[in-house]
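This report describes selected parts of one protein model. Please look through the sequence and the structure shown here before reading on.

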Amino acid sequence: MSDTRRRVKVYTLNEDRQWDDRGTGHVSSTFVERLKGISLLVRAESDGSLLLESKISPNTAYQKQQDTLIVWSEAENYDLALSFQEKAGCDEIWEKICQVQGKDPALEITQDPIDESEEERFEEMPETSHLVDLPPCELAKLEEIADLVTSVLSSPIRREKLALALMSEGYIKKLLELFQVCEDLDNREGLHHLYEIVRGVLFLNKAALFEVMFSDDCIMDVVGCLEYDPALVQPKRHREFLTKTAKFKEVIPITDSELRQKIHQTYRVQYIQDIILPTPSVFEENFLSTLTSFIFFNKVEIVSMLQEDEKFLTEVFAQLTDEATEYGKRRELVNFFKEFCAFSQTLQPQNRDAFFKTLANLGILPALEIVMGMDDLQVRAAATDIFSYLVEFSPSMVREFVMQEPQQTDDDVLLINVVIKQMICDTDPELGGAVQLMGLLRTLIDPENMLAPTNKTEKTEFLSFFYKYCMHVLTAPLLANTADNVKDNFQTAQLLALILELLTFCVEHHTYHIKNYIMNKDLLRRVLVLMNSKHTFLALCALRFMRRIIGLKDEFYNRYIIRGDLFEPVINALLDNGTRYNLLNSAIIELFEFIRVEDIKSLTAHIVDNFYKALEPIEYVQTFKGLKTKYEQEKDRQTQRHSRYRRDSRPMEDDEETWLNEDDEEEEGETLVEKSKSEEDFPESYEKYMEAKKGGVGLHTSKGVIKVPFLSQAGLVGLVDYPDDDEEEEEEESPRKRPRLGS
């Protein structure tokens, strides 16, 4: 079983017409009693489990592609493929399949698939009509050949017959020889016919034909035929581009000629699919599925061959991190890795995991740390793309690397700080690179992807690391531009908006760490300076930051806002905006409306006490009047509660008699202590009242002991906040005894 000839990957075609990797194992052909026939068995090389058990059916059409692939369908929508490590193993299994079906192993396909819709008609046809007679391959017959190729595309069975005819007679190479003759003679009509023929042959969607057409001997002539589109006045110059403009750069010499040939072929076939061939119509979209598979398997093979060549990759990394490497060479090395990572996206998840782990073991992250800090813009851009592949693959891997750095390096050269500085220093007027980097940072600091059960402390450790070593770098431009010398140009405003977006994300997801940071740095005050910016989008970002903080309804934040009088810049912005009905106006009013609807008492009292006179003239919304109403209702409630406990100089007996008489007349068993002082003594705001509630004393009542806050013996006695449902219950109870203050 360890024989590498029989080592295969099992693929199935999913609904999106993409190949899914089902695992790697070793294939064998043996008689299976349960299936009553010779079957293909693939057992996983990791644990010996059965990956595939497929009986070789006499009527199934098996196709051999690219020397190392066998493809077949087992049901209407269930396609399978075996990708062999070695050609010899593929040939062995192919011979076994052909032996079971009684076919010649020289064929590339064992059966002729018959479309169900044509099956009846096909059975009724005379035997001779099964064959497609190709006209002689001559200049005079090009039009007839083109008509034939075009006519068969609508019929699956005729496509199969034509493909077999083209293969059996070596017809493709003869056609390409005619192309050279037509081009030498400048025979435009013949060249136009050849365009139709080659395009039609590609639409036959047969891997065996692709192997011939995309071989080194033929591919440039195929490209040449496709230059002469009859719809164009002048032919395109695709061959000139492929041979002169597009240069293959070997950053490290590739000694494997097969690998080099595969890279060339893949690039050219991809060029044919993406650039030369017109976008398929709805009726043609499935015609090129095999071409897509051809490119896909080529890319898988290239990545696998490079990945297995550790000497090659080690040399690439060594040159990439060597300070003596020239800038031009380094740029090519980084671009190679960018292309390498792009190719890896064709791999299935488990293969992609192995690929990125290989790169991580070889030191991709330390290498990126070096190249991302360089002055060359092209190198930095390519390095950013590679970094994005790594973050998307495994944020935890990147976080684990950066948390190990402080032990061996300065804060300035930490990988995350290098990323932040690159974001801050982006020279693009539209900050395209900064936006990309901000998204990557957001992924790295998102607690949602820090919940891996294998490392439950990752969230705490990484966020502590980030706020200790990196947050000051992120907020530096914000703090610098909200001091005395404020830059209010468009690019700076865009950068500050990005930073604020990230900080707003932190407020929503990092409750503990960001709260400490905001309090210690008085960050909200600095952010609200930006409410004065001439760029409305930046003022809105600052407002959104405050809105997220208030949205948490956290009393720590509320006290911080009240103590710092931080509503003032917001209200000034509202008043400066005047009667203009715009987004800024709506956003500010929504902020106050949220406070009113959610009944955040401390903020309501602060706003009304300090700003109501300025806000009173605003009558086109009822928000501010509503805040005033909420404030007065709360004040009345507090006054009523306060009046229940008042102190005066009357004798105790009179006071008790008065209380009992009032209790008989009214059904509410209200508790009075002593006469209150005048209403002027009531705290000016709810916050002061909350501070007054800190002390307390026990009252003995029929309902038990109730804590009553107090200030001092001669001062204001605090209030008890009985829930409404308790008061309703008390209405049904007998009058309570007079409460007594504890000694």
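Predicted model: local features only at pLDDT ≥ 70, side-chain atom pairs only at ≥ 80, totals over all residues.

H20 is made up of twelve residues. From its first C-alpha to its last, H20 reaches 16 Å, which is close to the 16 Å expected at 1.5 Å a residue.

## H20 against H21

Two packed helices are described by the angle between their axes and the distance between the axes. For helix H20 (residues 458-469) and helix H21 (residues 471-480), the packing angle is about 45 degrees and the axes are 5 Å apart. H20 is therefore oblique to H21.

On the H20 side, the residues that meet H21 are Phe466, Tyr467, Lys468 and Tyr469. On the H21 side, they are Met471, His472, Val473 and Leu474. Sorted by class, the contact of H20 with H21 holds six nonpolar residues, one polar residue and one charged residue.

## H15 against H16

A second pair is formed by helix H15 (residues 364-371) and helix H16 (residues 377-393), whose axes come within 9 Å and cross at roughly 150 degrees. This angle makes H15 roughly antiparallel to H16. The crossing in which H15 passes H16 is left-handed.

H15 contributes Ile364, Leu365, Leu368 and Val371 to the contact. From H16 come Val379, Arg380, Ala383, Ile386, Phe387 and Leu390. By class, the residues of the contact of H15 with H16 are nine nonpolar, no polar and one charged.

## Two loop residues with positive phi

Most residues other than glycine have a negative phi, and most peptide bonds are trans. Asp186 is not a glycine, yet its phi is positive, at about 55 degrees. Asp186 sits in the loop between helix H5 (171-185) and helix H6 (188-203).

Asp599 likewise has a positive phi of about 55 degrees although it is not a glycine. The loop that holds Asp599 lies between helix H28 (583-598) and helix H29 (601-615). Asp599 has a relative accessible area of 26%, so it counts as partly exposed.

Which residues does Phe611 contact, leaving aside its neighbours within four places in sequence? They are Asp565, Phe567, Glu568, Ile571 and His606. Ile571 is 40 residues from Phe611 in sequence, while the two are 8.1 Å apart in space, C-alpha to C-alpha.

## The chain as a whole

The protein chain has 33 helices and nine strands. It is 743 residues long, and 47% of these residues count as buried.

Contacts can also be sorted by how far apart the partners are in sequence. Among the contacts in the protein chain with a separation of 6 or more, 64% are between residues 24 or more positions apart.

Methods: Residues numbered from 1 in each chain as written. Heavy atoms only, no water. Helix = DSSP H or I, 4+ residues; strand = E, 2+ residues; numbered from the N terminus. Buried < 20%, exposed > 50% of the residue type's maximum accessible area, 1.4 Å probe, protein only. Axes fitted to C-alpha atoms, helices over the stretch in contact; angles between N-to-C directions. Parallel < 35°, antiparallel > 145°, perpendicular 65-115°, else oblique. Contact = heavy atoms within 4.5 Å. Nonpolar A, V, L, I, M, F, W, Y, C, P; charged D, E, K, R; others polar. Left-handed = near helix turned anticlockwise from the far one by under 90°. Expected span 1.5 Å × (residues − 1).
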